[in-house]
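This report describes one protein chain, going from its overall dimensions to individual residues. The sequence and the model are shown first.

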Amino acid sequence: MIRVRKSAERGHADHGWLQSKHTFSFAGYRDPEHTGFRSLRVMNEDVVAQGQGFGTHPHANMEIISYVLSGSLQHRDSMGNGEVLRPGEFQRISAGSGISHSEFNPSSDVGVHFYQIWIIPDEKNTEPSYEQKEFSATEKTGRLRLVASRNGDDGSLTIKQDARIYLSILDSNIVSHELSDDRSAWIQVLSGSVVVNEVELDAGDGAAVSDEALLQFRGEPGSEFMLFDLA
């Protein structure tokens, strides 16, 4: 079964400097029908204006993942990390026992468009940590590129949850993924349009998948999507 969450149905917060679309309940947006899926708790699509950002604020016991579609994002945290996240790079913060961080658009003329994702960890109060890696378009085109997993398989980032996160850019071929009986999936279309098992999804659309043994993806070449294989 594939249950679609259309882009236009998401919550929307307009803060002037920040335009944010919420797939699941977040901050002032409350939707009892959409509070998360398995260990996936937050799926926000954000656009931050030039020279603006999220000031220093705390988190604990959450895996926080960011992926930039365009522009750049300046990260600083209480662990001493100070990095700039650019398109093609994937960032993971394990907040664990507690961290503080800020995310800022350093550009003076271009907005930053990115996804912020939260996954509930299966361990609490662990030592906080940070990772950032680049995954090229070549690695993702016509295939599923593993970008995060519990054990950091295939050079992916490590997360404290039984989840595997993939990125893919479609070409003319069909991309396939098998799901075992005890697992579900979430699909998030980042750009373009994607057809999964004959269900059409456009940019911003998401879909919860259960009781499907095989997922097959095709669609407009250049379309990008994210796949979460979840316990």
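## Overall form

The model is predicted. The protein chain contains one helix and 22 strands. Its radius of gyration is 17 Å, close to the 17 Å that the globule rule gives for 231 residues, so the chain is as compact as a globular protein of that length. Along the principal axes, the C-alpha atoms fill a box of roughly 45 × 40 × 40 Å.

Of the 231 residues in the chain, 52% are buried. Contacts between residues at least 6 apart in sequence join, in 70% of cases, residues at least 24 apart.

## Surface and charge

The protein chain has an accessible surface of about 10000 Å². Carbon and sulfur atoms account for 45% of that surface. The side chains include 21 positive and 34 negative ones. The centres of these two sets are 3 Å apart.

Within it, I2 stands opposite V209 of strand 20.

## The hairpin of strands 2 and 3

Strand 2 (residues 11-14) pairs with strand 3 (residues 18-22) in the antiparallel sense, again over four bridges. D14 has Q19 of strand 3 as its bridge partner. Three residues lie between the two strands of this hairpin, and G16 takes a positive phi near 80° there.

In a regular strand the side chains alternate between the two faces of the sheet. In strand 2, G11 and A13 make up the covered face, while H12 and D14 make up the uncovered one.

Strand 4 (40-48) includes D46. Is D46 buried or exposed? Its relative accessible area is 1%, which is under the 20% limit, so D46 counts as buried.

Leaving out residues up to four places away in sequence, D46 touches L18, Q19, S20 and K21, along with F54, V112, H113, F114 and Q116. D46 and E198 are 152 residues apart along the chain, and their C-alpha atoms are separated by 29 Å.

## Loop residues

Which residues does S107 touch, not counting those up to four places away in sequence? They are Q50 and G51. S107 belongs to the loop between strand 10 (99-104) and strand 11 (112-119), and with a relative accessible area of 17% it is buried. T126 is in the loop between strand 11 and strand 12 (129-134). T126 also counts as buried, at 15% relative accessibility. With residues up to four places away in sequence left out, T126 touches G96, S97 and K160.

E33 sits in the loop between strand 3 and strand 4. Its relative accessible area is 65%, over the 50% limit, so E33 counts as exposed. The C-alpha atoms of E33 and V84 are 35 Å apart in space, and the two residues are 51 apart in sequence.

N61 is not a glycine, yet it has a positive phi of about 50°. Its place is in the loop between strand 5 (53-59) and strand 6 (63-70).

N197, likewise a residue other than glycine, has a positive phi near 50°. The loop that holds N197 lies between strand 18 (193-196) and strand 19 (199-202). At 25% relative accessibility, N197 is partly exposed.

Notes
Residues are numbered from 1 along each chain as its sequence is written. Side-chain values use heavy atoms; hydrogens and water are left out. Two strands pair if DSSP finds at least two bridges between them. Buried means under 20% relative accessible area, exposed over 50%, partly exposed in between (1.4 Å probe, protein chains only). The radius of gyration is taken over C-alpha atoms; the globule rule is 2.2 Å times the number of residues to the power 0.38. Contact means heavy atoms within 4.5 Å. Accessible areas come from the Shrake-Rupley method with a 1.4 Å probe; for residues, only the protein chains shown count as cover. Lys and Arg count as positive and Asp and Glu as negative; His and the chain ends are not counted. The place of a charge is taken as NZ of Lys, CZ of Arg, CG of Asp or CD of Glu.
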